[in-house]
Amino acid sequence: MSVTSVERDPEALTMTVTAHLDATAERAWQLWGDPRQFERWWGPPGYPVTVVEHDLRAGGRVTFFMTGTGGERHDSTWEVVAADPPRHLELRDADINNDGCPNDGNAMTAMVITIDERSGGAAVMAVRTHFDSLAGMEAVLAMGAEEGMRMVLSQIDAVLAGTPA
Amino acid sequence: MSALAKRYPMSFAAVQKHVAVLEGAGLVTKERRGREQLVRTDVGTVHRARALLDRIEELWRARVDRIDDLLSNEKRTTGGKR
């Protein structure tokens, strides 16, 4: 079970990723609702995620940071726009600097997560991300780019070691 | 702009609003020529947006892989219980 569709709109700057999960809707909700769970999948390998604040109710906030290999810290703050467990969650990015001040003119990213349950208990999770600018997309990729590079490097290692990547 | 609006099943004002959003995102540019307002797609920006979406898609595919691992490890350790 995994990603079943990816809808992209390069003009509207939106992307919807839909995945079938081997879990109930309640269990799938915990991926977001339980900060310890969230920490285990949000960040790429080698970039531990630490959730600082986690109030997943409308008007609440989620703050977390990722630590890079060089010890650099990437902070994220989300505002919870809507939360209706276990089916619907809307988050809006409200990025702040390391000193806790909002980045002026910072791009805002919004995410709408919907979780449906098929008969037999398989959850279908759709995450729709809306970017307000290319800068916002680049901010999202700040860590992803490094991850991509690491993947490439590990593949090179595997090739050099004579084993399939 | 009015020629553009005719092609969509929405009001001129609604099309104007959409164009303003696209302009704000740097995806189109507006240019006045006489009485006409021309809307031009910024091909370079759309191209860049597409490249960025490629990488964001990869990011999400990797996340879903991690979610799958998390869920299947849990099933193994709890003997198949959900």
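Leaving aside residues up to four places away in sequence, Met125(A) touches Ala19(A), Leu21(A), Ala28(A), Ile113(A) and Ile115(A). The model is a predicted one. Met125(A) is also one of the residues that touch the most other members of the largest nonpolar core, together with Leu21(A), Ala28(A), Ile115(A) and Ala123(A); this core has 37 residues. The element that gives the most to the core is α3(B), with 7 residues. Domain 1 (2-41) and domain 2 (43-82) of chain B both supply residues to the core, so it lies between them. In general, nonpolar side chains tend to be buried together in soluble globular proteins.

**Chain A**

Chain A contains 3 helices and 8 strands. Read from the N terminus, its elements follow the order β-β-α-α-β-β-β-β-β-β-α. Chain A has 165 residues, of which 21% count as buried. Among its contacts between residues at least 6 apart in sequence, 37% join residues at least 24 apart.

The 8 strands make an open sheet with antiparallel pairing, in the order β1-β2-β8-β7-β6-β5-β4-β3 (chain A). At the edges stand β1 (3-9) and β3 (49-54) of chain A, each of which pairs on one side only. On average, neighbouring strands of this sheet are turned by 20 degrees against each other, direction ignored.

| Helix | Strands touched | Angle between directions |
|---|---|---|
| α1 (residues 25-33) of chain A | β2 (14-21), β6 (88-93), β7 (109-118) and β8 (122-131) of chain A | about 160 degrees with β7(A) |
| α3(B) | β1, β2 and β8 of chain A | about 20 degrees with β2(A) |

β1(A) and β2(A) run antiparallel and are joined by 6 bridges. Within this pair, Ser5(A) stands opposite Thr18(A) in β2(A). The hairpin of β1(A) and β2(A) has 4 residues between the strands, and in this hairpin Leu13(A) takes a positive phi near 55 degrees. Val51(A) has Phe64(A) in β4(A) as its bridge partner. In a regular strand, side chains alternate between the two faces of the sheet.

Chain B is divided into domain 1 (2-41) and domain 2 (43-82). The centres of these two domains of chain B, taken over C-alpha atoms, are separated by 35 Å.

What does each chain give to the contact? Chain B gives 29 residues and chain A gives 34 residues. On the side of chain B that touches chain A, helix α3 (residues 43-77) of chain B gives the most, with 24 residues. This side of chain B is made up of 15 nonpolar, 3 polar and 11 charged residues.

In domain 1 of chain B, which spans 2-41, Pro9(B) lies in the loop between α1 (2-6) and α2 (12-24) of chain B. Is Pro9(B) buried or exposed? Pro9(B) is exposed, because 5 other C-beta atoms lie within 10 Å, and a residue counts as exposed at 12 or fewer. Pro9(B) and Lys75(B) are 66 residues apart along the chain, and 50 Å separate their C-alpha atoms.

How values were computed
Residues numbered from 1 in each chain as written. Chains lettered and ligands numbered in written order. Predicted model: local features only at pLDDT ≥ 70, side-chain atom pairs only at ≥ 80, totals over all residues. Domains from an automatic or database assignment. Contact = placed C-beta atoms within 7 Å. Helix = DSSP H or I, 4+ residues; strand = E, 2+ residues; numbered from the N terminus. Nonpolar A, V, L, I, M, F, W, Y, C, P; charged D, E, K, R; others polar. Buried ≥ 20, exposed ≤ 12 C-beta atoms within 10 Å, placed from the backbone. Core = buried A, V, L, I, M, F, W, Y, C linked by C-beta atoms within 7 Å. Pairing = 2+ DSSP bridges. Axes fitted to C-alpha atoms, helices over the stretch in contact; angles between N-to-C directions.
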